[in-house]
Every structure is written in structure tokens, then in C-alpha cells.
Amino acid sequence: MVTVAHVRGIARALPRTEEALVRDRIKFRVGRIVYLALSRDETVLGFAFPKAERDALVAAEPAKFLPPDRVDERYHWVQVRLAAIDEAELREIVVEAWRMVVPKRVAAAHLG
């Protein structure tokens with residue numbers, strides 16, 4: 001099972017990432033754009049994800065992925081249960097969410 005420490009370790013290693021505590025929730029952002037947000041109980045991770053692919057992801061693995069909360073439906077956002085993923089899946093989720101919010105040249109320079 002992955003933990004907040006795992007999320008933090010991966011996210012903090014990505015260029016331009018800042019961690020913030022907003023309304024008792026840990027969030028990771030680049031500038032003002034949030035790309036990761038933990039639930040208050042730290043069991044669910046919301047992350048940047050293409051809206052067009054969201055329904056298919058949730059339908060394919062409903063035990064793992066959740067649609068965004070109603071207030072976040074307008075954003076490119078989806079959620080995952082941390083207990084349902086391993087560290088490799090977490091790394092992929094975090095890096096892909098980060099890539100959505102940084103300039104392409106920053107992602108290319110960091111990822112090679």
C-alpha cells in the first residue's frame with residue numbers, strides 16, 4: 001500500500017513542484033495549478049487527468065479509480081484509492097499528472 005510519504009517523495013522530486021496545505025488537504029502544484037490533492041483522511045489521491053479519458057478509466061477499474069467530486073467535474077481530474085495501487089502505479093500517475101501542468105520543455109528536460 002502506498003502512503004503520503006510515497007506521494008511526497010515522488011512529487012517533490014519533480015521540477016517546479018510545490019507542496020501546500022489548503023483547507024487541511026495536502027496539495028502539490030506547479031505555480032498556481034494543482035496536479036495532486038490528497039483527501040483529508042489521506043486515503044484518496046485526486047490527480048490531473050484528461051477529461052476525455054476519465055469515464056473510460058473509471059469504468060475500466062471502478063474499484064481503483066473514482067470520478068472527481070462534483071465540484072471538480074469541470075476540471076481535468078480523477079481520483080484513485082491509494083490502497084488499490086502499488087508504488088509503480090503511483091509513480092506513473094504522479095509523473096503523468098505533473099506532465100499535464102508543466103511546459104513541455106521542462107518535462108522533456110527532466111524525463112529525457
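Contact is defined here as heavy atoms lying within 4.5 Å. The structure is a predicted model, in which local features need pLDDT of at least 70 and side-chain atom pairs count only at pLDDT 80 or more, whereas totals for chains, interfaces and linings use all residues. Residues are numbered from 1 along each chain as its sequence is written, and side-chain values use heavy atoms, with hydrogens and water left out.

**Figure 1. Overall fold of the protein, with four helices and six strands.** Helices (H or I, at least four residues) and strands (E, at least two) are DSSP runs, numbered from the N terminus. The order of the elements from the N terminus is α-β-β-β-β-α-β-β-α-α. Taken along the principal axes, the C-alpha atoms fill a box of roughly 35 × 30 × 25 Å. The radius of gyration is 13 Å, which agrees with the value near 13 Å for a compact globule of 112 residues; this quantity is taken over C-alpha atoms, and the globule rule is 2.2 Å times the number of residues to the power 0.38. Of the contacts with a separation of 6 or more, 47% involve residues 24 or more positions apart.

**Figure 2. The buried and exposed sides of helix 1 (residues 4-12).** Buried denotes under 20% relative accessible area, exposed over 50%, and partly exposed the range in between (1.4 Å probe, protein chains only). Val4, Val7, Ile10 and Ala11 are buried. Seen down the helix axis, these buried residues fall within an arc of 135 degrees, so they line one face of helix 1; the arc is that of the directions from the helix axis to the C-beta atoms. Ala5 and Arg12, on the other side of helix 1, are exposed.

**Figure 3. Elements covering the buried residues of helix 1.** The cover includes four strands: strand 1 (17-22), strand 2 (25-30), strand 3 (33-38) and strand 4 (44-48). Helix 3 (87-101) is also part of this cover. Across the protein, buried residues make up 43% of the 112 residues.

Figure 4. Leu14 counts as buried because its relative accessibility is 6%. When neighbours within four places in sequence are left aside, Leu14 is in contact with Tyr35, Val94, Val95, Trp98 and His110. Arg70 is 56 residues from Leu14 along the chain, and the C-alpha atoms of Leu14 and Arg70 are separated by 29 Å.
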